[in-house]
Amino acid sequence: MAISAALRNRLLAAAGAGALTLAMTLLGGPNGLEGRCYIPYQDVAGVLTVCDGHTGPDIVRNKTYTGEECDALLRADLKAVQAEVDSLVTVALSDYQRAALYSFVYNTGTDAFSRSSLLKKLNAGDKTGACSEMRRWVFAGGRKWKGLMNRRETERALCLAESSDEL
């Protein structure tokens, strides 16, 4: 199973609160897929990053961010992702599938997602094929990363879930 027992329990606790809350649970905090870091750092692609994968010109170098600041950044970043994903996807999805897409797009970017074969397959009704496309997105800075491979397996498992029974 690609979803760990601890993550499965956190997701089940957030069930019913909607896809955005599920995605925040999946990505945020010390045990999230993004791996929370309170001090800005250069990610594997050389991009200045803080908290749960937040990037942008608003990052203050050498500042130590609080948990509340990180939560707020993640929420704002995910709302933008949510709006973009929801405008591009034309098929009905479960909250788990939507949360998996939000996590995926949060990491890969909305532009790449909008041009992806994953989106084309999804909108054509091939959910299984679309979810499996996530496995292709494991490169950063021109290198294949084990951490991205693990993340994509978790996202894929969530993407294939129609309900909490399938987690």
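Reply: A helix here is a DSSP run of at least four residues, numbered from the N terminus. Ala-13 is found in one of these, helix H1. The model is a predicted one.

Me: Why is Ala-13 called exposed?
Reply: Exposed means over 50% relative accessible area. Ala-13 has a relative accessibility of 68%, so it counts as exposed.

Me: How far is Ala-13 from Leu-122?
Reply: Their C-alpha atoms are separated by 27 Å, and the two residues lie 109 places apart along the chain.

Me: Is Thr-154 buried or exposed, and how do you know?
Reply: Buried means under 20%. Thr-154 lies in helix H8, and at 7% relative accessibility it counts as buried. Leaving aside residues up to four places away in sequence, Thr-154 touches Ala-2, Ile-3, Leu-7, Leu-26 and Leu-33.

Me: What makes helix H2 mostly covered?
Reply: Helix H2 covers residues 19-27, and eight of its nine residues are buried. Those buried are Ala-19, Leu-20, Leu-22, Ala-23, Met-24, Thr-25, Leu-26 and Leu-27. They pack against helix H1 (5-14), H3, helix H4 (95-108) and helix H8 (146-160).

Me: Which residue follows H2, and what is its phi?
Reply: Gly-29 follows H2, with a positive phi near 80°.

Me: Why are H4 and H8 called roughly antiparallel?
Reply: Angles over 145 degrees count as roughly antiparallel. H4 and H8 pack at about 155°, their axes 7 Å apart, and are therefore roughly antiparallel to each other. The crossing in which H4 passes H8 is left-handed. By class, the contact of H4 with H8 has eight nonpolar, four polar and three charged residues.

Me: Which residues of H4 and H8 meet?
Reply: On the H4 side they include Tyr-96, Ala-99, Ser-103 and Phe-104, and on the H8 side they include Leu-148, Arg-151, Glu-155 and Cys-159.

Me: Why are H3 and H4 called roughly perpendicular?
Reply: The range for roughly perpendicular is 65 to 115 degrees. The axes of H3 and H4 cross at roughly 110° and come within 9 Å, and the two helices are therefore roughly perpendicular to each other. Their crossing is right-handed. Among the residues in contact are Leu-74, Leu-78 and Val-81 of H3, with Leu-101, Tyr-102 and Val-105 of H4. By class, this contact of H3 with H4 has eight nonpolar, one polar and three charged residues.

Me: How do you know that E1 and E2 pair?
Reply: Two strands pair if there are at least two bridges between them. E1 and strand E2 (residues 48-51) have three bridges, in the antiparallel sense.

Me: In what order do the strands of the open sheet stand, and what makes E1 and E3 its edges?
Reply: The open sheet has three strands in the order E1-E2-E3, with antiparallel pairing. Strand E1 (37-42) and strand E3 (54-55) each have a single partner strand, so one side of each is left without a neighbour in the sheet.

Me: Which helix lies across E1, E2 and E3?
Reply: Helix H3 (residues 67-88) lies across these strands and runs at about 115° to E2.

Notes
Residues are numbered from 1 along each chain as its sequence is written. This is a predicted model: local features need pLDDT of at least 70, side-chain atom pairs count only at pLDDT 80 or more; totals for chains, interfaces and linings use all residues. Side-chain values use heavy atoms; hydrogens and water are left out. Contact means heavy atoms within 4.5 Å. Axes are lines fitted to C-alpha atoms, for helices over the stretch in contact, and angles run from 0 to 180 degrees between N-to-C directions. Buried means under 20% relative accessible area, exposed over 50%, partly exposed in between (1.4 Å probe, protein chains only). Angles under 35 degrees count as roughly parallel, over 145 as roughly antiparallel, 65 to 115 as roughly perpendicular and the rest as oblique. A crossing is left-handed if the near helix is turned anticlockwise from the far one by less than a right angle, and right-handed if clockwise. Ala, Val, Leu, Ile, Met, Phe, Trp, Tyr, Cys and Pro count as nonpolar, Asp, Glu, Lys and Arg as charged, and the others, Gly among them, as polar.
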